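Trainee: I would like to learn how to read a protein model step by step. Could we look at one together?

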Amino acid sequence: SGQVRGLCGTFNGDQRDEFMTPEGDVEPGVAAFANAFRAAGACPALGPGIPDPCDGFPGSRQSAETACAVLMGPAFQ
């Protein structure tokens with residue numbers, strides 16, 4: 001606890017600084033945070049919205065929604 005930093009967060013109990021960039025800035029959004037760790041030219045930058053993971057695997061949408069329903073159900077509330 002308190003000894004990590006990066007894409008996995010800071011793990012210090014303060015959620016306000018979970019999106020800390022390598023430069024020490026705290027980004028307000030997921031895309032800007034992820035882009036801060038992107039290797040230049042290695043992959044395209046993320047836009048302001050979060051892409052739907054099911055768009056890349058349309059045949060898996062039903063099984064993903066079924067699995068998510070269990071996680072969002074009463075057992076985990």
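Trainee: Is Phe-33 buried or exposed?

Mentor: Please keep in mind that this is a predicted model. A residue counts as buried when its relative accessible area is under 20%, and because Phe-33 has a value of 5%, Phe-33 is buried.

Trainee: How many aromatic pairs does the structure hold?

Mentor: A search of the whole structure finds two aromatic pairs. In one of them, the ring centres of Phe-19 and Phe-33 are 4.9 Å apart and the planes meet at 25 degrees, so this pair is stacked; planes under 30 degrees apart are given that name. Phe-19 belongs to the segment before α1 while Phe-33 sits in helix α1, so the pair ties together parts that are 14 residues apart in sequence.

Trainee: Which geometry do Phe-33 and Phe-37 have as an aromatic pair?

Mentor: Here the planes stand at 70 degrees to each other, with 5.3 Å from centre to centre, and the pair of Phe-33 and Phe-37 is edge-to-face; the cut-off for that word is over 60 degrees. Taken together, Phe-19, Phe-33 and Phe-37 form one aromatic cluster.

Trainee: Where is Arg-38 found, and what is Arg-38 in contact with beyond its neighbours within four places in sequence?

Mentor: Arg-38 is in the loop between α1 and α2, the latter being residues 61–72. With those neighbours left aside, its contacts are Cys-43, Pro-44 and Ala-45. Its relative accessibility is 31%, so Arg-38 counts as partly exposed.

Trainee: What is the phi of Phe-11?

Mentor: The general idea is that most residues other than glycine have a negative phi. Phe-11 is not a glycine, and yet its phi is positive, at about 50 degrees. Phe-11 is in the segment before α1, and because its relative accessible area is 54%, Phe-11 is exposed.

Trainee: Now for the whole chain, how many helices and strands are there, and what radius of gyration does the protein have?

Mentor: The protein has two helices and zero strands. Its radius of gyration is 16 Å, whereas a compact globule of 77 residues would have a value near 11 Å. Along its principal axes, the C-alpha trace spans about 40 × 35 × 20 Å. Buried residues make up 13% of the 77 residues, and of the contacts with a separation of 6 or more, 7% come from residues 24 or more positions apart.

Technical notes
Residues numbered from 1 in each chain as written. Predicted model: local features only at pLDDT ≥ 70, side-chain atom pairs only at ≥ 80, totals over all residues. Heavy atoms only, no water. Helix = DSSP H or I, 4+ residues; strand = E, 2+ residues; numbered from the N terminus. Rg over C-alpha atoms; globule rule 2.2 N^0.38 Å. Buried < 20%, exposed > 50% of the residue type's maximum accessible area, 1.4 Å probe, protein only. Contact = heavy atoms within 4.5 Å. Phe/Tyr/Trp six-rings, centres within 6.5 Å; stacked < 30°, edge-to-face > 60°.
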